[in-house]
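Here's a quick briefing to read alongside the model. Have the viewer open as you go.

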Amino acid sequence: MPHDPTAYWRAPARNYRTLARLHLQHMLFQNTLRFILEKHVEQAIPTAPSSIFKVADLACGNGVWLIGLSRELADKGAVSAKLDGFDINEILFPASAFLPPSVSLENLDVLAKPLPEELIGAYDVVHGLNEPRGLRFEYIAELDQHLIKNGFENVYMSKTAKRKQDYKAWTDDILMAWEECTFLFPSKATDPQASHTRESWAENLAKAVGETEKGVALHAGAITTVVGRKPF
Ligand SMILES: C[S@@+](CC[C@H](N)C(=O)[O-])C[C@H]1O[C@@H](n2cnc3c(N)ncnc32)[C@H](O)[C@@H]1O
């Protein structure tokens, strides 16, 4: 069967445990970065009272980043905002009672080609929180080059080291994500020849947990932030 990279994210089993994990992850990002909008991007907030600040968050998960942004904009007394989140898995979306009026979340595969016409060029800021592809981190170090090659200007990249006191929480967050991956593998009974089965994954996970109980941390070391401006 061909590998489907979206299978994990589309899975119906994503529930309050996943949501809690994403809340924890957001708090860990905030502990590390200490900003919602990067300082160069803050300049994009319009100042005219009649303006609407339009932000899209790609792969928004439970919308926690947009909810934080809505609070931050209100605290700054900023102009009105339209904060739209897009994710492939609407099971993650909180009921509207939990969302500020400026935030709306929509089901969309953000890698779909073409994207809906009305979304192209419609936003002042487009945000995406990206996780490393599997255990390959090299492409992150080149993200600024990818933006420049694709015509972005004013490209800034920065790396913020994670706080040592957060290592355990990052570790627990990653272990929870790995546990969620178990169902992606066939059971030994269904595919005895598979190189990885549910059983072998669960066994390796138990060993990894054992290592962390001895003090081993699981985390990517630092968060890389890249911003750029697309010329009109
Ligand atoms: C690590 S979570 C990040 C969630 C959110 N950005 C946050 O900060 O908490 C990754 C998200 O990407 C979404 N996702 C994965 N592939 C996607 C795609 N092709 N289109 C839209 N969303 C996608 C998943 O459903 C998941 O919510």
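**Overall fold**

Among contacts in the chain between residues at least 6 apart in sequence, 76% join residues at least 24 apart; a contact here means C-beta atoms, placed from the backbone, within 7 Å. Keep in mind that this is a predicted model, where local features need pLDDT of at least 70, side-chain atom pairs count only at pLDDT 80 or more, and totals for chains, interfaces and linings use all residues. Residues are numbered from 1 along each chain as its sequence is written.

- The chain has eight helices and six strands, taken as DSSP runs (H or I, at least four residues; E, at least two) numbered from the N terminus.
- From the N terminus on, the order is α-α-α-β-α-β-β-β-α-α-β-α-α-β.
- Buried residues (20 or more other C-beta atoms within 10 Å of their own; exposed is 12 or fewer, partly exposed in between; C-beta atoms placed from the backbone) make up 18% of the 232 residues.
- The C-alpha trace spans about 65 × 40 × 40 Å along its principal axes.

**Helix 2**

- Thr18, Arg21, Leu22, Gln25, Leu28 and Phe29 are the buried ones in helix 2.
- They sit on the same side of helix 2, because they cover an arc of only 120 degrees around the axis (directions from the helix axis to the C-beta atoms).
- Their packing partners are helix 4 (64-75), helix 7 (167-180) and strand 6 (222-229).
- Just past helix 2, arginine 34 has a positive phi of about 65 degrees.

**Lysine 168**

- Lysine 168 belongs to helix 7 and counts as partly exposed, with 14 C-beta neighbours inside 10 Å.
- Lysine 168 and leucine 218 are 50 residues apart in sequence, yet 8.0 Å apart in space, C-alpha to C-alpha.

Definitions and conventions. Two residues are in contact if their C-beta atoms, placed from the backbone, lie within 7 Å.
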